[in-house]
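Keep the 3D view open as you read.

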There are 2 protein chains.
Amino acid sequence: MAKQNNVFKDAFNRCVKLLDQSASLPSEPELGAALGVSRTTVRAILTRLEDVGLLTWEKRRKIVLRKPLASDYFPTEETDSLSEIIERSFMRRILAGGAEPGMQINELELAREIGIGTTSVREFLIRFSRFGLIEKRPNSHWVLKGFTREFALELTEVREMFELRSAAAFARLPAEHPAWLELDAIEAVHHAILGDIENRYPDFSELDERFHLLVHRASKNRFIVDFYDVIAIVFHYHYQWNKTNARQRNARALEEHLVYIAALRSRDSVQIEDACRRHLKSARETLLQSIN
Amino acid sequence: MAKQNNVFKDAFNRCVKLLDQSASLPSEPELGAALGVSRTTVRAILTRLEDVGLLTWEKRRKIVLRKPLASDYFPTEETDSLSEIIERSFMRRILAGGAEPGMQINELELAREIGIGTTSVREFLIRFSRFGLIEKRPNSHWVLKGFTREFALELTEVREMFELRSAAAFARLPAEHPAWLELDAIEAVHHAILGDIENRYPDFSELDERFHLLVHRASKNRFIVDFYDVIAIVFHYHYQWNKTNARQRNARALEEHLVYIAALRSRDSVQIEDACRRHLKSARETLLQSIN
DNA sequence: GCTTTGTCTTTTATCGGCAATAGACAGATC
DNA sequence: GATCTGTCTATTGCCGATAAAAGACAAAGC
């Protein structure tokens with residue numbers, strides 16, 4: 001079966017959405033840039049648009065024939081990349097299912113369960129191993145170390161070191177640095193969500209990641225920024241599978257963020273450290289509660 | 001060609017060395033434990049020992065027939081695992097060769113150059129990516145970020161944060177913790193090398209890793225301990241390919257270590273921080289000098 | 001003269017297959 | 001009764017092959 005064509009399918013869907021809004025399509029290279037794919041894929045998309053009768057396409061002449069229907073899109077399951085599929089499937093197993101620490105992980109079994117080849121599973125496990133949740137015994141199986149209390153404590157310990165340093169670096173950014181504008185934008189979304197907390201509290205997860213990543217980036221240190229991936233994935237799945245008191249928790253975190261943001265703006269190192277510490281402490285507590 | 005049999009070859013060599021010393025061999029499971037391989041491999045080794053006329057083997061009766069010769073061993077090139085081979089080859093390219101930052105890395109080319117399959121190269125690159133020297137463009141090539149000044153500064157920034165914290169944790173270890181004994185042993189080796197510095201200064205590299213890893217382990221944090229891999233690999237190849245003033249540099253580092261070790265023993269946090277900072281600063285400077 | 005398109009080549013992502021290695025289990029041996 | 005050996009099965013590590021996707025280059029169009 002070789003490579004999946006999910007890049008094509010995903011880009012196709014985004015192209016149909018584009019076509020739904022504006023009534024014409026730009027040149028091939030421009031469209032490629034807009035969709036983030038190569039011209040080869042753009043041409044495959046255009047060919048298919050013609051096939052399903054959405055478009056006439058001859059050289060530069062692209063004429064939209066009708067409004068797209070829901071049935072023109074590829075089903076969303078088919079647009080995910082293999083690694084996303086594996087990640088979700090794997091995280092469900094270890095966070096939701098009864099996965100005991102110390103358990104062996106079997107590549108072949110995982111591959112069969114998801115219906116893919118072993119190579120993809122192996123590559124996923126190698127990439128995933130940097131999250132500290134699994135460990136390889138050479139020439140033998142992987143061992144699940146588990147989403148335990150120790151894991152959460154070790155993770156948050158490093159997170160706190162990194163974020164305190166990043167927040168301090170943030171305060172030293174020159175006034176014209178784009179991060180300040182992004183901070184304004186992020187703050188505005190905080191107010192928007194708080195203003196309609198009952199309905200919008202699930203939007204917090206994504207905003208949380210956006211905010212903390214912005215702070216970490218101020219460190220200008222690739223190791224610190226990369227480590228944020230670990231935090232992000234843990235909190236991502238944590239939010240997804242543990243919804244007890246979600247509204248209340250998120251509201252509290254939003255308020256803490258606002259204090260934190262104000263502290264960053266003040267550029268006062270004592271205030272920043274205080275706000276940062278306070279927020280990270282409550283984030284850690286939330287995480288720990290979900291484990292025991 | 002499937003799997004290499006380097007596990008067998010390496011274990012075979014170690015078994016021959018064992019046989020050179022003691023005149024008999026233990027049971028299969030015991031031998032497996034001693035060599036760190038499965039019984040399947042042990043039996044393959046015993047079969048080969050018989051074939052080359054080093055041993056008679058029938059059930060429990062194992063009789064050594066003669067002293068091993070140099071020609072009984074497999075050549076060392078054949079005992080390295082594929083990932084070790086790729087790693088060396090790759091590091092030589094990016095540290096020694098003219099590898100410009102921003103350069104593209106081609107999986108197929110690398111594989112052909114080393115004479116192996118692409119899967120192994122891919123897996124290596126994925127594992128290697130956590131060292132922050134390369135980066136993947138999805139569906140496209142890897143980009144070499146290069147062993148630059150920025151890289152060294154980012155690396156040492158994190159190293160210093162982690163090691164200061166680990167050193168502080170070390171001082172809090174209970175007196176009966178085995179780490180103190182290991183520290184004694186490490187200190188003794190320091191004195192031994194310093195006593196014959198002219199000849200033994202190349203032994204420093206390995207000792208350095210052993211010492212700092214011991215310190216990092218005191219953090220009891222998997223992320224801190226794992227990060228030491230990044231430091232270790234960088235310094236390992238750094239020592240290997242930059243030998244200017246090596247004797248002098250190593251002598252200085254050994255002295256700094258001794259002060260650092262004494263500080264750890266004192267359990268005095270001010271003294272520890274001071275000694276640790278001082279040593280890390282000079283380690284950073286050495287590293288930076290080798291870059292520009 | 002710059003951008004677009006047609007065509008072709010190169011490279012990546014993924015699969016199935018096979019030898020090396022690990023590991024399980026029952027019967028044999030001390 | 002604990003450990004060892006014989007035998008068999010399961011799993012990993014690695015390869016080559018192939019479709020998807022990227023990308024190079026020249027000719028065409030504005």
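A residue is near a molecule or strand if its C-beta atom, placed from the backbone, lies within 6 Å of it. This is a predicted model, in which local features need pLDDT of at least 70 and side-chain atom pairs count only at pLDDT 80 or more, while totals for chains, interfaces and linings use all residues. Residues are numbered from 1 along each chain as its sequence is written, with chains lettered from A and ligands numbered from 1 in the order in which they are written.

Around DNA strand C you will find 42 residues, the closest being Gly117(A), Ala2(B), Val7(B), Phe8(B) and Thr40(B). Helices here (H or I, at least four residues) and strands (E, at least two) are DSSP runs, numbered from the N terminus. Among the elements giving two or more residues to this surface are helix H2 (28-35) of chain A and helix H3 (39-51) of chain B.

Now turn to where the chains meet. Residues are in contact if their C-beta atoms, placed from the backbone, lie within 7 Å; chain A and chain B each bring 19 residues. On chain A's side, helices H6 (118-128), H7 (149-171) and H11 (222-241) give two or more residues each.

With copies superposed by least squares on the C-alpha atoms of residues with pLDDT of at least 70 in both, a rotation of 180 degrees with 0.0 Å of shift along its axis brings chain A onto chain B (RMSD 0.1 Å). The two copies are therefore related as by a two-fold rotation axis.

Finally, strands E1 (residues 55-58) and E2 (residues 61-64) of chain A pair in the antiparallel sense over four bridges (pairing requires at least two DSSP bridges). Two residues separate E1(A) and E2(A) in a hairpin, and Lys59(A) in the turn has a positive phi of about 55 degrees.

Note on methods: Contact = placed C-beta atoms within 7 Å.
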